[in-house]
Amino acid sequence: MFILSCKLMKFKYFYLLLLIVGLSSAVQAQQEKAEADFKSVMDKYSAVGASVAVVKDGRIIYNHSFGLKDLEHQTPLNNQDIFRIASISKSFSATAIMQLVEAGKISLDDDFGELVGFKVRNPKFPDQKITLKMALSHTSGLNDSQGYLNFDVINPDKNPDWAKCYNDYAPGSKFDYCNLNFNMIGAVIEKISGERFDNYIKQHIIKPLDLYAGYCVDSLDSTRFVKLYEYHPDSKSYTLSSNAYAPRRTEIANYVMGYTTPVFSPTGGMKISAHDLARYMIMHMNYGTSDGVKIINRKSAKIMQTALSADEGYGLAIMTADDLIPGVKLKGHTGSAYGLHSTMFFSPKHKFGFVIITNGINATYTDGLPDFSRAAINSLYQSFFNHLK
């Protein structure tokens, strides 16, 4: 009987081993096919490099980097390299605002100008308040026609053309994507918290989530910065974008809290890897919490993800995308600057998501989104989640 029992145990062990080997081989085959499919997307759009991360049920199930970090030296891109991710940065600013709202220090209905520290009123509608919520959702009526790299453009005491920063419609009535909104939101964070913008984000979002990231160039390892490239369709060539990681040390040395804030670009200056951006995305997918760490509460997270306009699908720096993947509703944001294109989208319902960052592509667009990004996200979806439909 003892001999028979031992034989049965050996058979069960052998069967389990075969099962593990079989599953491992299946996973490897799935990843190999996923990489081959993704490379074909890169080839189609002449991509320099791309880092991707795929999330399922609160964890990263796939992280890979393709192509080059540096064209001149032919340096391969790796998963630890960091990008300036452009407008996905806005969600970090909005998350910080929701923390301050939860702390009872401000309200989304507060007068934006009173928070910023100088008059922010559309001269065509002087009696209508522009609220913080309007700025966060791009319904403030502000525009970027005068620029957004400093506050002098909209300050009545600094720019005689300040009125051109406002559109011809009432605050809160229409959507108009505006970077100036979020650079000013960064100033609000400073004025309310008493902390410099980059330090606030570091202490209250980056460190609690254990991410390697930041807005201040000199706080990061510059050898990890991915070079960004602009594509020229006429010559089918790339040129290096040189300003993406400018340290702006002189401006920082003479920093004025609540006014010099655009130096750090709350609207687009976050530097982070695809891997760590995916970890940040998991927090939003889980409505404010990741690995037991609560950054914002569930109510705040849902407010950020709720579109204020069905037509635009934009909440508080989190947009709803119904057309990225046929039949699947996603939440997230995109970014585009200096030749870079970044994509962060997730499904709170199905608990999966994608981060895709490229440092240079032959960019053609459909409905405001690079065709590369759409093809890339569908490639990863087909490889990992098509069975969920």
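View A. Tyr215 has 2% relative accessibility and so counts as buried, where buried means under 20% relative accessible area, exposed over 50% and partly exposed in between, using a 1.4 Å probe and protein chains only. This is a predicted model, in which local features need pLDDT of at least 70 and side-chain atom pairs count only at pLDDT 80 or more, while totals for chains, interfaces and linings use all residues. Residues are numbered from 1 along each chain as its sequence is written, and side-chain values use heavy atoms, with hydrogens and water left out. Phe197 is buried too, at 0% relative accessible area. Phe197 and Tyr215 make an edge-to-face aromatic pair, with 4.7 Å from centre to centre and 75 degrees between the planes. Here rings of Phe, Tyr and Trp (its six-membered ring) pair if their centres lie within 6.5 Å; planes under 30 degrees apart are stacked, over 60 edge-to-face, and the rest tilted. Phe197 belongs to helix 6 (residues 197–206) and Tyr215 to the loop between strand 5 (213–214) and strand 6 (228–232), so the pair ties together parts 18 residues apart in sequence. Helices (H or I, at least four residues) and strands (E, at least two) are DSSP runs, numbered from the N terminus.

View B. Searching the whole structure gives 21 aromatic pairs. In one of them, the ring centres of Phe118 and Tyr259 are 6.2 Å apart with planes at 65 degrees, so this pair is edge-to-face. It links distant parts of the chain, 141 residues apart: Phe118 is in the loop between helix 3 (112–116) and helix 4 (132–136), and Tyr259 in the loop between helix 7 (249–253) and strand 8 (271–272). Phe118 is buried at 12% relative accessibility, whereas Tyr259 is partly exposed at 25%. Elsewhere, Tyr62, Phe352, Phe354, Tyr381, Phe384 and Phe385 make up one aromatic cluster.

**View C. Two arginines over tyrosine rings.** Arg224 lies over the face of Tyr212, 4.1 Å from the ring centre. The charged end of Arg196 sits over the ring of Tyr255, at 5.7 Å from its centre. A charge sits over a ring if NZ of Lys or CZ of Arg is within 6 Å of the ring centre and within 35 degrees of the ring normal.

**View D. Helix 2, enclosed by its surroundings.** Among the buried residues are Phe92, Ile97, Met98 and Leu100. After helix 2 comes Gly104, with a positive phi near 75 degrees.

**View E. Phe38 in the nonpolar core.** The largest nonpolar core has 114 residues, and Phe38 and Phe92 are among those with the most contacts inside it. Such a core is a set of buried Ala, Val, Leu, Ile, Met, Phe, Trp, Tyr and Cys residues joined through side-chain atoms within 4.5 Å. Phe38 touches residues including Ala50, Val52, Phe66 and Phe372, leaving aside those up to four places away in sequence; contact means heavy atoms within 4.5 Å.

View F. His138, not a glycine, has a positive phi of about 60 degrees and is buried at 1% relative accessible area. Asp210 also has a positive phi, near 60 degrees. Asp210 is exposed, with a relative accessible area of 58%, in the loop between helix 6 and strand 5.
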